[in-house]
Amino acid sequence: MQPGSSAAPRHRTVEAPAGRLHLVEQGSGPLVLLVHGFPESWYSWRHQLPALAAAGYRAAAIDVRGYGRSSKPADTDAYRMLDLVADNVAVVRALGEESAVIVGHDWGSNIASASALLHPEVFTAVALLSVPYAPPGGPRPTDVFSRIGGPEQEFYVSYFQEPGRAEAEIEPDVRGWLAGFYAALSADTMPAPNDPDPHFAARGGRLRDRFPTEALPAFLSEDDLDVYAGEFERTGITGALNRYRTMDRDWEDLAPYRGAPVEQPSLFIGGALDASTTWMSDAIDAYPTTLPGLAASHLLDGCGHWIQQERPDDVNRLLTDWLATLQDWTGRAVRAR
């Protein structure tokens, strides 16, 4: 372990195409960039930062543009995937590095895979949590999502895509909405298989009408919830939701990469009870073609969507074991010093 690798986390802000990006870093050594999903922040990596630092890495968890203390552009188009990838490249450069391993969860998984696809010279390896890699292409996203719900219910992605609609549901009670959303996708509090699916809203209803309300999931304390709620109460939810509202634009922007594999060394970790892994099982089956550098694909039994928070010890072990097998940009083994 290098000197200082177990030092306390440090908050800093760096210049990026977004304007400014807030991040929290801990440790020293090869850079590992951590990218969160919806509706989270850098704080979702609070268990990984010290573990990666102790293993000899410089871990940096960002607030994606529109979240937390990072800039929140007003234009919806400013949340397109190409811009988020550019932010990640800028962070690596601002931290004085030429390359990094990138790790993403949920939407962060999509952002991480796109970063690796578009800039393999910067992102030398990629780990994806919860959401499997599926190459760009296929039908226009809004056409696909509009057909999923059927006549009686609406898929959450389509619900989020209409400007102002989800904001009207969430912002009057950010803390309560977040508590329900986290509980709905966590293994220990998610609805039973025969209960109404919280990924859908009844036509004319709200998503939160199907959220559990009895208890917080085990991974989330009242203090943890306060952190998340405080960020969204301060910034609003629109920046986060704009990621859903640029999916058709991403489909157009990434057309040159349709069907493209991510060639770098890669790792996938998902929860066996997460809809992302069950709905996208075909994408996981296609990994020999789409992720030819895949070291392993893990499905954690009894785990839901918030994988690095529900099962931090397992995720930390899998990440650090995988990182130890990689070669860094100097040709030395990337392992604890």
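The second largest cavity in this predicted model has a volume of about 30 Å³. A cavity here is a set of points, on a 1 Å grid over the protein atoms alone, where a 1.4 Å probe fits but cannot get out; points are joined across faces, edges and corners, and the volume is the space filled by probe spheres set on them. Lining residues have an atom within 4 Å of a point.

Leu21, Val35, Ile62, Val64, Arg65, Leu84, Asp87, Asn88 and Ile111 line the second largest cavity. Helix H2, residues 81-94, gives the most to this lining, with three residues; a helix is a DSSP run of H or I, at least four residues, numbered from the N terminus. By class, six of the lining residues are nonpolar, one is polar and two are charged (Asp, Glu, Lys and Arg count as charged, Ala, Val, Leu, Ile, Met, Phe, Trp, Tyr, Cys and Pro as nonpolar, the others as polar).

Now for the largest cavity, with a volume of about 60 Å³. Among the residues lining it are His36, Phe38, Trp107 and Arg243, and its lining divides into seven nonpolar, three polar and two charged residues. The count comes to two cavities of 30 Å³ or more.

How far to trust the model? The average pLDDT (the predictor's confidence in each residue, from 0 to 100) is 94, and 95% of the residues score at least 70. Over residues 1-5 the pLDDT is below 50, and this stretch has 14 contacts beyond near neighbours in sequence, a contact being heavy atoms within 4.5 Å. Residues 328-337 also stay under 50, with 31 contacts beyond four places in sequence.

Residues are numbered from 1 along each chain as its sequence is written. Local features need pLDDT of at least 70 and side-chain atom pairs 80 or more, while totals for chains, interfaces and linings use all residues, and side-chain values use heavy atoms, leaving out hydrogens and water.

Methods
On a 1 Å grid over the protein atoms alone, a cavity is a set of points where a 1.4 Å probe fits but cannot get out, and a pocket is an open set with protein on both sides within 12 Å along at least five of seven lines; lining residues have an atom within 4 Å of a point. Helices (H or I, at least four residues) and strands (E, at least two) are DSSP runs, numbered from the N terminus.
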